[in-house]
Structures are given as structure tokens and as C-alpha cells.
Amino acid sequence: MKNVTAALSASGAYLAGEYDIIVIGTGHAGCEAALASARLGRQTLILGMNLDTVANMPCNPNIGGTAKGQLVREIDALGGEMGRAADRAMIQFRMLNASRGPAVLSPRAQIDRRLYQQIMKETLEKTERLDVRQGEVIELLVDADGHELRIEGVRLRTEAIYRCKSVILATGTFLESRIIIGDCQYSGGPDSQFAAHGLSESLRDLGLLLQRFKTGTPARINRRSVDFTPMEQQDGDPIPFAFSYENEENPPINPDEQIPCYLTWTTPQTRAVIEQNLDRSPLLSGVIEGVGPRYCPSIEDKYVKFPDKERHQIFLEPMGRNTEEMYLQGLSSSMPEDVQLIMVRSLPGLQSARIMRSAYAIEYDCLDPRLLQMSLEVRGITGLFSAGQINGTSGYEEAAGQGLIAGINAVRKLNDEEPVILDRSQAYIGVLIDDLITKGTTEPYRMMTARAEYRLVLRQDNADARLTPIGRSVGLIDQARWDHFQIKQERIQTEIERCRNIRIRPSAESDAVMRSLGTVPLRQPASLADLLKRPEIHYEDLEVLDPDRPSLSRVEQTAVEVSIKYEGYIRLEEERIGQFRKLERKSIPDSIDYRLIKGLRIEAQQKLSRQRPISIGQAKRISGVSPADLAVLLIYLQSLKRDDEEGKRG
Amino acid sequence: MNGDYQTVLDTNLTSQDHEICVAVATPPGQSGIAVIRLSGKGAAELIDPVFKPVSKRFPPVFSMPGYTCAVGKIISPVTGELIDQVVLTRFTAPHSYTGEEVIELSCHGSLAIKQSLIDLILSLGARAAEPGEFTKRAFLNGKLDLIQAEAVIDLIQAETDRSARNAAALLQGDLSQQMMFISDNLYQLLASIELVLEYPEHDESDTVSAQLAAGLDLIEQKINRYVQGFSQGRILTEGMTVVLAGRPNAGKSSLLNALANTERAIVTDVPGTTRDTIEIKIDIDGIPVHLVDTAGVRETEDTVEKLGVARTRDVLQSADLVFWLIAPPVDHLQEDQTIMEQLQLQSLVPLVSKDDLNESLALRQAIEACWPDQTIMTCSVLTGEGLDAIRKKVIETYESLGAQAQNDVLLTNSRHKACLDSALLSVRKAREALHGGITWDIIASLVRGSLDALAELTGDAVSDTLVDTIFSRFCVGK
């Protein structure tokens with residue numbers, strides 16, 4: 001453990017600069033963190049090992065999807081960058097779960113990954129107060145005076161020393177990473193980049209526990225070697241939406257220039273190849289020690305764990321507009337290259353496929369996220385924040401969401417302001433961070449809508465209503481955007497009111513409309529709102545009966561319809577949120593000493609001492625804390641409060 | 001809700017929860033033997049200085065292994081006098097009722113001895129246990145779940161055989177287990193819905209849709225069975241209210257006294273719920289019965305007008321069973337009929353009292369003409385005839401309330417009932433939504449709502465009302 005002065009005394013060391021905040025890593029977490037920090041007024045440096053891979057997408061070439069699409073909308077609503085960049089770089093858009101209801105409606109786009117990188121790199125370069133620099137950090141420099149460690153700077157491999165007040169770790173999957181392709185294993189990062197050596201040791205030296213995770217990616221093939229005739233073509237939506245609320249009225253993508261994806265299936269031969277070569281799979285032979293994700297298993301895992309399933313879906317996704325490379329979603333593998341080729345060629349339409357990049361598994365070091373506070377600051381090391389895959393997550397969107405929050409909170413800490421902590425009823429980002437910090441994770445954590453208890457409220461259509469006021473108060477939403485937001489909300493509210501008041505009388509015309517929509521004719525006058533509550537009726541269907549309606553944009557119409565149609569159910573969920581918030585608001589003072597609380601079981605005492613929940617609600621979610629422990633804790637807190645009051649009186 | 005919670009916390013706070021507390025664990029009053037229980041770390045050290053074993057072979061109390069006992073004398077350290085000879089049993093944590101170190105003294109059961117022993121132990125530094133404190137500690141130490149803890153009080157207060165059996169089943173965790181089973185089923189349904197929602201491109205919605213419809217039906221039936229059972233369960237804890245009503249001199253108080261004499265009386269001469277009623281509590285075949293004589297009514301001249309009085313009407317309306325006593329002569333039958341029709345009670349049974357009188361046959365025929373559908377009951381306090389039929393009618397009424405299988409444990413607690421009602425409502429709404437073409441995100445949300453309600457029932461979900469009045473219902477010593 002060294003401080004800046006000690007680091008500078010080494011031969012060749014020099015002071016390369018001074019910043020408020022240094023972000024390590026230029027991936028999705030790093031970019032959001034650096035942009036937020038610089039935009040909020042702090043001198044910021046972002047360091048990456050290779051500036052040609054800023055905002056790289058080393059796995060699937062898409063952004064969004066179930067729960068992830070909601071995350072992107074939230075990032076945008078708070079003033080983050082991912083949504084805007086994705087809007088400009090998308091080559092196909094689909095709104096998933098269109099028939100399953102607004103709570104799970106999820107935007108997803110295929111992305112031109114080169115274009116996305118370019119856009120993001122240029123955005124970084126053009127941001128005031130932000131410096132972009134290539135360099136590998138190998139050590140964190142800390143001041144160990146006093147009882148707490150405090151970040152002072154970073155040391156690069158070149159012995160460049162940067163002084164700073166805060167560091168945001170966003171190192172992704174690079175820490176001591178190892179690539180595995182069958183028997184072939186070597187030190188390396190994603191997309192044939194170098195692994196980061198040294199930083200893991202520096203983190204351990206600071207007393208941080210690391211865990212080892214594993215993930216993987218499928219092969220890429222050349223489109224020209226594919227026969228699409230036996231495959232099912234999947235086109236984009238005829239009318240795409242945008243991720244960013246800035247673009248919602250005019251999504252930048254041209255609907256006619258979307259590039260399709262294709263669906264094919266594994267065959268009995270695929271199974272045979274895998275079964276014959278299982279002994280060569282490093283995953284199953286035990287060579288890979290890291291824990292892989294259950295929801296995104298390799299193809300060999302799928303066959304081993306679900307032997308009854310005859311065939312598996314494989315999607316072919318374009319990697320960009322100006323490339324023939326295609327991604328084989330669902331065929332992630334760590335089999336040797338020769339096996340991979342036979343496997344790929346066992347699929348209909350891929351008999352002569354030519355692989356451009358092999359599938360590989362990657363193992364890497366990451367932090368146990370339970371070491372963090374809800375602000376994403378590492379407990380016990382002032383000024384050290386961490387975000388993204390180093391916190392045990394998987395996925396670009398999960399990384400970006402954390403990066404944004406870490407960037408905001410690093411700045412707020414320097415400004416002596418309260419951190420922004422979103423709760424589980426406010427945002428998927430809140431669910432994500434709360435899950436990580438409260439429960440930890442034993443596999444790369446992927447966001448799923450099922451993880452959110454209140455997803456009728458956490459919709460992709462209302463992320464702005466939920467979060468833009470927070471983004472505004474933080475300082476990431478500019479005046480123009482704020483004006484637009486307020487006008488939109490007002491138009492929606494006014495229209496909801498109008499729909500409640502305007503009554504439609506039964507008539508030959510209304511009968512005809514109802515019949516054409518497959519619903520029963522009116523027997524007595526009904527408000528537009530009453531009609532919208534019928535599952536068969538949508539807002540646009542009523543235009544004939546409601547000629548004087550204001551002209552609302554498509555997203556405004558959706559917002560009005562969802563608010564009215566699901567009103568009753570949303571109210572039920574809001575009641576549950578009320579219950580939930582009661583416990584969230586019962587805060588636990590950070591100074592609490594759990595050893596003094598008699599009646600807590602040892603396990604609960606240890607876990608509570610280590611994780612230091614901020615509220616009874618959070619304590620309740622820690623595994624190993626029983627209802628009885630909570631009752632003990634509640635009683636203790638109440639007695640503290642009483643003593644306190646008595647003390648004041650006395 | 002919050003207000004109650006606050007009060008409970010406040011009462012709990014006066015005690016430091018982990019001091020040694022002491023109370024008499026056997027019922028109040030004089031008895032042959034009584035048990036005094038001390039719970040808390042250091043209970044053995046506390047009692048050791050005043051406990052003199054009769055034999056040298058007994059080790060000091062704090063060296064005794066758990067589940068062993070010793071005979072000895074309790075000597076007052078102040079006066080040096082013998083207070084009592086007792087058997088001391090030691091339990092070590094966590095193998096005791098409370099999960100803490102426990103000492104139990106089996107002493108002689110006179111009031112004076114119990115009081116002296118308690119005073120002595122308090123003077124040694126223990127604190128008097130609050131009502132329910134031992135069970136509360138057992139719950140807090142994870143020895144009992146919430147339903148079990150609540151069952152302890154039912155068991156203590158059980159006055160009849162049926163009540164006790166049901167409370168014992170609750171204590172054993174039968175209800176908890178069955179609720180967990182229902183939760184499991186709901187979780188599986190939720191998981192199938194989530195699979196479809198999470199992976200929209202791997203569509204398996206057809207199979208899931210069929211599963212869902214069948215699954216929700218089944219769960220609704222199951223929960224409903226327990227909810228229905230509450231009408232019986234409530235009677236097991238609160239008693240069944242059987243009202244004797246009728247015009248003046250119909251023989252109500254004689255019948256009340258006759259039943260009180262033939263049945264096992266639990267409590268006699270309870271002041272009624274209003275000044276106008278007389279109430280006794282009896283045990284009919286294991287069913288606790290509040291027998292109410294609407295006494296005030298008979299003293300007034302204008303019965304009809306008196307019945308208009310709300311409180312009398314309330315007594316009748318809230319009754320589980322009303323016997324309308326009609327005594328000869330036939331003359332007043334018309335009036336009886338008017339009143340009974342006005343009341344519109346479901347569980348009203350006409351009962352010809354004083355069946356020993358000559359005119360009763362004429363009366364019976366007249367009644368049969370008025371109410372051709374009703375079975376007319378008769379009784380005579382003088383001969384004792386018909387009392388058995390009344391008893392059977394009570395049992396029959398109780399049994400007709402239950403729709404579930406014999407072996408089911410009955411819901412007795414209104415907190416449980418409220419949770420189950422809420423779970424049932426959500427499941428019903430989910431089923432309706434599914435049939436009404438509502439989207440699956442809503443259905444999933446409703447299924448979650450149902451799971452939340454069940455979790456609150458079993459205490460898996462801690463709402464901030466958790467340590468609510470549950471434990472304050474306990475008597476001291478448990």
C-alpha cells in the first residue's frame with residue numbers, strides 16, 4: 001500500500017496530472033461515470049488500456065431487451081448517454097413483449113457496434129472538463145493516515161502518477177482475465193485485448209476480497225457463407241421507437257433501412273457433436289473454476305442440464321451495417337476450435353459457415369459487491385467507487401446504469417452532498433444496486449424484470465416521470481430537456497382528465513365501433529376512460545367517437561392509455577409500495593454496533609455488521625437475517641430513539 | 001396500525017429484553033404444585049446462592065447439565081428461613097422453551113409460597129416477566145414461527161377439547177406447513193409466467209397458459225377451504241353464541257339454567273354483553289358455547305317496541321344460533337310470527353318450551369301451519385326432554401359451518417383470516433384477469449400480491465406490525 005509521495009519516489013515515476021475524479025476503464029460503466037462526473041463540473045480523467053475499444057460490445061451486438069431496455073430508458077431519463085448513442089447506432093428495433101402488457105414491454109435494438117464506439121468516443125472527447133487517455137492503471141495510491149483509507153491517486157504501468165480525490169473502478173472483465181478455447185488457454189481480455197495485471201493485487205492489498213467469475217461469447221461467422229433459406233427471418237418493427245426521451249417523437253433510425261436477424265435451430269447432429277466431445281469441454285472437465293451465469297449457459301451446458309430438450313433456438317444477428325460478420329446468439333461455447341466448427345455447421349443453413357472469430361470463455365476477477373455501500377463507494381476506502389462487471393454483473397446496460405450512479409455519487413461526495421440512492425420501487429437501477437449490495441451474487445448478475453417487485457410501476461414508458469426530476473435536481477438534465485419533460489407530463493395529465501370527463505352515448509355509430517373491436521356495445525353512456533379499461537379497446541380506436549381530441553404524440557397516447565387502462569392494478573401495486581417504503585424509511589444509523597444487540601443470532605449479527613444496511617427494509621433482504629432478528633432489531637432501534645429523546649429531555 | 005405498533009414497542013421497551021425474567025408458569029390460584037420459571041443468561045448463577053441441594057452429590061446449579069434436576073431448599077438470605085423445598089430443573093440454551101438458559105422451580109402451590117419465592121428472586125436481580133414474554137423470547141430466538149407462537153396462546157386459553165386439539169395442531173406447525181405448500185404452488189405458477197415474460201422470443205405461452213388456468217383454480221379452492229374453516233375456527237377460540245329469545249315468560253331463563261346444570265359449565269353468571277342479557281359459558285361436545293338469555297326483554301310490556309332497541313337486535317343478529325322460545329297458550333303466536341319475520345334471522349329455530357303443559361300439542365300444530373318448512377323443536381325443563389335435541393342442534397350448526405375435510409387444521413385467528421382473505425382476493429383477481437384477456441404482467445403482479453399476503457401470514461415477511469399485540473395477548477408465565 002503506497003501513497004502518492006511514495007509512488008513518486010520510485011525511479012522513472014513522474015506526476016502526470018491532477019484531477020478530481022479518475023475513471024479506470026472505457027467500457028459502458030466507465031463512459032457513463034466519466035461523462036456524469038465531467039458534466040457535473042468535476043475535472044475528470046478517463047483511462048483505458050486501448051482507446052480503439054471505447055464502449056466496445058465484445059458479446060451480443062444489441063442493446064436493450066427484457067429489463068435491459070427498461071435500464072436504458074432509466075439511464076436516459078437520469079441524463080446518461082447510452083440511450084442517445086444507441087438511438088444513433090441502431091440498425092434494427094423491436095419492442096419485445098408487445099402482447100404481454102406495458103409492465104414487461106421492452107425495447108431492444110441491434111447495434112452497429114463500430115458506429116456505437118465512434119459515437120461514444122467522440123462524445124467523451126468533446127466533453128468539457130474530461131480528458132481521455134490511454135494507459136493501464138496497476139496500482140491505487142491511498143493515504144493510510146488516520147483510521148480510514150483515502151484515495152490519493154493512481155499509478156500507471158509507465159510510472160505515470162496521477163493525483164486525484166476519487167477513483168471509479170470500471171475495469172469490466174479485464175482483471176487477471178484468462179481466455180479459454182478448449183485446451184487452449186491464455187492470459188487475455190475480451191476481443192483479443194490484453195488482460196490487466198497488477199490491479200487485482202493492489203485491490204487485495206487494500207483488504208478487498210475478490211471472486212472469480214466466468215462468462216463467454218459465441219462464434220462470429222461470415223454472412224456470405226450462410227444459406228438463409230431454411231431460417232426464419234426476423235425483421236424490425238415497422239415503426240421503431242427510440243431509447244432516448246429526446247428522440248421519442250423522431251427516432252433517428254429509418255424504418256426501411258433496418259437489417260433483419262434470422263432464427264435457426266440446433267439439430268440432433270449438434271447434440272451428437274457435443275456429446276462426443278464433452279471430455280474436451282474445459283467447463284465440464286473442471287479447467288474453468290469461475291462461476292458462470294445460469295441464464296446464459298453455453299450450448300454444451302444446455303445439453304447437459306436440459307437433456308430432454310430436443311433442440312435450441314439460435315439467432316443470427318448482424319454486427320453492423322458495414323460488415324459481413326454475424327453473431328450466433330445461443331451458441332456460446334468453450335469447446336476447442338475444431339469442435340466449434342463442426343457444431344456450427346450442424347445447424348440448418350450453416351453447413352458451409354465460415355467462422356471469423358471463435359467462441360471463447362473468459363475468467364476474471366471481480367469484487368464481492370457486498371463490500372460496497374449503496375452509493376457504490378467501497379466501504380472503508382474513502383473516494384473509491386466501483387461500477388459495472390467488476391461488481392459482479394453482466395451486460396452493457398447493467399454496467400452503464402451503475403457507471404452513471406457511481407459518477408453522480410463520486411461528484412456528490414466531493415460536493416459534500418447526500419448520495420443518490422434509488423430504491424426498488426423507483427427504478428430497475430435501484431433493484432440492481434440493492435440486489436448486488438444487499439444479497440451479493442454468486443454468478444454474473446443479469447437484470448430480469450422478475451427481479452423487480454413493482455414492475456407495473458417501473459415501466460419503460462414512464463422512466464422519465466420516475467427519474468427525470470431526479471436527473472434534473474442532480475444537474476444532468478438541461479433546461480430544454482426539462483421544459484420538454486414538463487410539457488409532456490402536463491399534456492398527459494390533461495388528457496387523462498379529459499378522458500375521464502368526456503362521455504360517449506350509445507348510438508348506431510358507437511355500436512359499430514364496439515362491434516368492430518370485438519367488444520359489447522354500450523348500454524348506457526360511458527366515459528372514454530371507462531371504455532379504455534376494456535382490454536379490447538386502445539386509445540387510437542376511439543378517435544372516430546372522439547373527434548375533438550387533442551393531437552397527442554404516439555408516446556403520449558401510450559402513456560394516457562396505460563395510466564387509465566391499468567389504473568386499478570397500479571393502485572394495488574402502489575399500496576404494496578406504501579408498505580415497502582414504511583420499512584425502507586425505518587433507517588438504521590451507521591454508527592450502530594450490532595454486537596451490543598442481544599438476541600440477534602450470531603449469523604445475523606455478523607452479516608449485519610459486515611453489510612451495514614441503511615434501513616430495516618434492506619436488512620430484511622439480507623440472507624441469513626430472520627424475521628425474528630428483525631423484530632429484535634426493531635425493538636432495539638426503538639429503544640435507541642427513546643434513550644435519545646430522554647437524553648434530550650434530561 | 002402504526003399506533004398499536006408503537007404502544008406494543010413501548011411496553012416492550014420498559015424491559016431490557018435479555019435480563020433474566022421470572023414468573024409463575026402455572027395457572028393463578030392455589031394448587032398442589034406450581035412451577036416458577038426463570039429465563040435468561042445467568043439464571044443458574046442467580047438462583048445458586050439461595051438453593052441448597054439436599055445432597056452433596058448435586059453440583060452447583062450452574063454446573064448442572066441441561067435437562068437434569070436437583071432437590072433442594074430455598075433459603076431466604078436475609079432471614080435464613082426456609083421458604084420451600086423444591087425440585088429445580090435446568091435447561092441450557094438453546095435447548096429450552098425460550099431458547100435461553102432456563103431454570104424451573106417446582107414448588108408447593110400455595111399463594112404465599114409462590115409470592116415469597118417470586119419476591120426472593122426479584123430481590124436477587126431478576127425482573128418480573130411480562131404477559132407472553134417467555135413465548136416472545138422463544139419467537140425472537142427462532143424457536144417458534146409466528147403462527148406457532150400465536151397458537152401457544154390459543155392452547156393456553158383453550159377451554160374445550162376441540163379448541164385444544166386445534167391449537168395443538170397449529171403449534172405443531174400444521175398450518176404453517178400447509179401455507180408453505182400453497183406458497184410453493186404459487187411460486188411455481190409465477191415462475192412459468194416469468195419464463196414467458198423474460199424470454200419473449202422462446203415462446204412457450206400456450207402450455208403455460210393452460211397450466212396457469214388450472215393452477216389458479218386449484219389454489220383458489222385450497223385457500224378458500226381455509227377461509228371457510230374460519231367460521232368454525234373462530235368458534236373454537238371465541239365461542240359460539242347461542243341466544244335464547246322469545247316473549248316474556250316463554251321459559252328462557254329456566255332453559256338457560258337447565259342447560260347450565262346438565263352441561264359442563266365453563267363460566268357461570270357472566271355479565272352479559274349488555275345490561276339486558278344474561279350469559280353463561282358451557283362446553284357442548286367440545287364446542288365452547290356462550291348461552292345468552294335476552295333477559296331484559298322479558299321484563300318489558302311491549303316486546304315489539306323493545307326489540308326495536310338496537311342492542312337487543314345486535315345480540316340476535318350476531319348470534320350463531322337463536323332459539324325462539326314459544327310457550328303455550330296459542331294466543332300470542334301471531335305476535336311471535338311478526339317479530340320473527342321482522343328479524344329475518346337465518347339461524348332462528350322455533351322451540352316450543354314447557355312441552356309438559358297440555359296446550360302444547362295445539363301450539364305445535366299451529367306453528368307447523370305457520371312455518372311448514374321448519375322443523376319444530378320442543379323441550380321441557382321439567383321432564384328434561386328435548387334438551388338433548390337442543391344439544392344436537394348446536395353441534396349440527398357448528399358442523400354445518402365447516403366445508404373442509406376432517407383433518408384440516410382450522411384457522412382461528414383473525415389476523416390469519418385477514419391475510420388469507422387478501423391472498424384469496426388476489427388469486428381470484430388473477431383468475432378473472434386471465435379469463436378476461438388481461439395481459440400477463442398484471443396476472444404476475446396479482447400472483448405476487450397473493451404471495452406477499454401468505455408471507456405475512458407465516459411471518460416470513462416482516463411488516464412493521466410484526467411485534468404487534470400478538471405477544472401482549474399472553475398471560476404471564478408463558
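This is a predicted model: local features need pLDDT of at least 70, side-chain atom pairs count only at pLDDT 80 or more; totals for chains, interfaces and linings use all residues.
**Exercise 1: a helix pair in chain A**

Task: Describe how helix α14 (residues 479-501) and helix α17 (residues 554-565) of chain A cross, and find which residues make the contact.

Solution: 
- Step 1. Start with the two quantities to look for: two packed helices are described by the angle between their axes and the distance between the axes.
- Step 2. The axes of α14(A) and α17(A) come within 9 Å and cross at roughly 50 degrees.
- Step 3. Angles under 35 degrees count as roughly parallel and 65 to 115 as roughly perpendicular, so α14(A) and α17(A) are oblique to each other.
- Step 4. The handedness of this crossing is right-handed.
- Step 5. On the α14(A) side, the contact is made by A:Lys488, A:Arg491, A:Ile492, A:Glu495, A:Ile496 and A:Cys499. From α17(A) come A:Glu556, A:Ala559, A:Val560, A:Ser563 and A:Ile564.
- Step 6. Sorted by class, this contact has 6 nonpolar, 1 polar and 4 charged residues.

**Exercise 2: a sheet in chain B**

Task: Work out the strand order of the open sheet in chain B, then say which strands stand at its edges.

Solution: 
- Step 1. The 7 strands follow the order β3-β4-β5-β6-β2-β1-β7, and their pairing is mixed.
- Step 2. β3 (51-53) and β7 (127-128) of chain B each have a single partner strand, so they stand at the edges, with one side of each left without a neighbour in the sheet.
- Step 3. Now look inside the order: β2 (residues 33-39) and β6 (residues 102-108) of chain B pair in the antiparallel sense over 7 bridges. B:Leu38 stands opposite B:Ile103 in β6(B).

Conventions. Residues are numbered from 1 along each chain as its sequence is written. Chains are lettered from A and ligands numbered from 1 in the order in which they are written. Side-chain values use heavy atoms; hydrogens and water are left out. Axes are lines fitted to C-alpha atoms, for helices over the stretch in contact, and angles run from 0 to 180 degrees between N-to-C directions. Helices (H or I, at least four residues) and strands (E, at least two) are DSSP runs, numbered from the N terminus. Angles under 35 degrees count as roughly parallel, over 145 as roughly antiparallel, 65 to 115 as roughly perpendicular and the rest as oblique. A crossing is left-handed if the near helix is turned anticlockwise from the far one by less than a right angle, and right-handed if clockwise. Contact means heavy atoms within 4.5 Å. Ala, Val, Leu, Ile, Met, Phe, Trp, Tyr, Cys and Pro count as nonpolar, Asp, Glu, Lys and Arg as charged, and the others, Gly among them, as polar. Two strands pair if DSSP finds at least two bridges between them.
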